[in-house]
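This report concerns the aromatic rings of one protein model and the charged groups that accompany them. The structure is shown first.

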Amino acid sequence: MMNNEVPVLWDEECLNSSIYKDMCNGISAAAAKKQMTTKVYTDCAKLMEDASSDRTVIVIGYESPRLRDNLLRLTGKKKQVILAGLDAERFGSGISSTSPSRRGATAMLIQYLVACKREQIALVACGESSVNDLMRCEILKGYLYTRGCPNPDDAIFFYRERVDESFEAFWEKRENFDAVICPNDYVALCFIRYCEEHGLRVPEDLYVAAFSNRTLSRYCKPSITSMSINFVDVGGVFLLRMGVSGESQDGRPSDSHYDAQQPDRAGIHGL
């Protein structure tokens, strides 16, 4: 590092995201341990104009055309970019990343449900253009193939405009499943309410699990089985793993995936 500041470009569209707030707190905490501070920019142009900003820049933002434009501008100025929470492979060469292992988290949640004797698993409320949801579909279909399921696609329920489109599609095939995974706790809560309104008991008839492990999952009745990812720790991995350089030992950009914790047992249905 050229100075004691860690530059962070944080897209203003996600400044209120609790996940990214936790991640930035983790970056700041790790920087403080090295007697450094974080300097947050919400405007890429201002960061580029700041002659004191370091060559290494941590970028926080949703996947969007603006994010891609900012990455091109930074790499065009020979900045070493470390991308937060997204896989760098989707953005071309010269970019590093640290992100939760979504594949690992999905596989772990499936394994946990199977250990609970819930093997007929469906994915509900998947977004057709969501990279995360499509990845989770791939993992679930792989599991179903190993069980000899002839049509794994029948366990995936997408929506286009309204999330309850997928609820309605699931309802037509509800007798084929004893567990459902939703993309997040908020969708899981809506799905549970839909089930209750239609006479399907949770967890007696159906387990409901989700990703995020926010406060909602802990206090929802019935509770939600939720996969825990500590995003403060994910943020800290930026500096602790990369040595504040963003490069692997051979000087090339590198990716890191942070493993999820075990599913939250406080939210396990029926246990």
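At 39% relative accessibility, Y62 is partly exposed, whereas Y20 is buried at 8% (buried is under 20% relative accessible area, exposed over 50%, partly exposed in between, with a 1.4 Å probe and protein chains only). The model is predicted, so local features need pLDDT of at least 70 and side-chain atom pairs pLDDT 80 or more, while totals for chains, interfaces and linings use all residues. Residues are numbered from 1 along each chain as its sequence is written, and side-chain values use heavy atoms, without hydrogens and water.

The structure contains 8 aromatic pairs (ring centres of Phe, Tyr or Trp, the last by its six-membered ring, within 6.5 Å; planes under 30 degrees apart are stacked, over 60 edge-to-face, the rest tilted). Two of them are tabulated here.

| Pair | Centre to centre | Angle between planes | Class |
|---|---|---|---|
| Y20 and Y62 | 5.8 Å | 55° | tilted |
| W171 and Y194 | 6.2 Å | 80° | edge-to-face |

Because W171 lies in helix α6 (residues 164–171) and Y194 in helix α7 (residues 185–197), their pair ties together parts 23 residues apart in sequence. Helices (H or I, at least four residues) are DSSP runs, numbered from the N terminus. W171 is buried at 14% relative accessibility, and Y194 is buried at 14%.

The charged end of R174 sits over the ring of W171, 4.1 Å from its centre (NZ of Lys or CZ of Arg within 6 Å of the ring centre and within 35 degrees of the ring normal). Likewise, the charged end of R136 sits over the ring of F211, at 3.9 Å from its centre.

How values were computed: Helix = DSSP H or I, 4+ residues; strand = E, 2+ residues; numbered from the N terminus.
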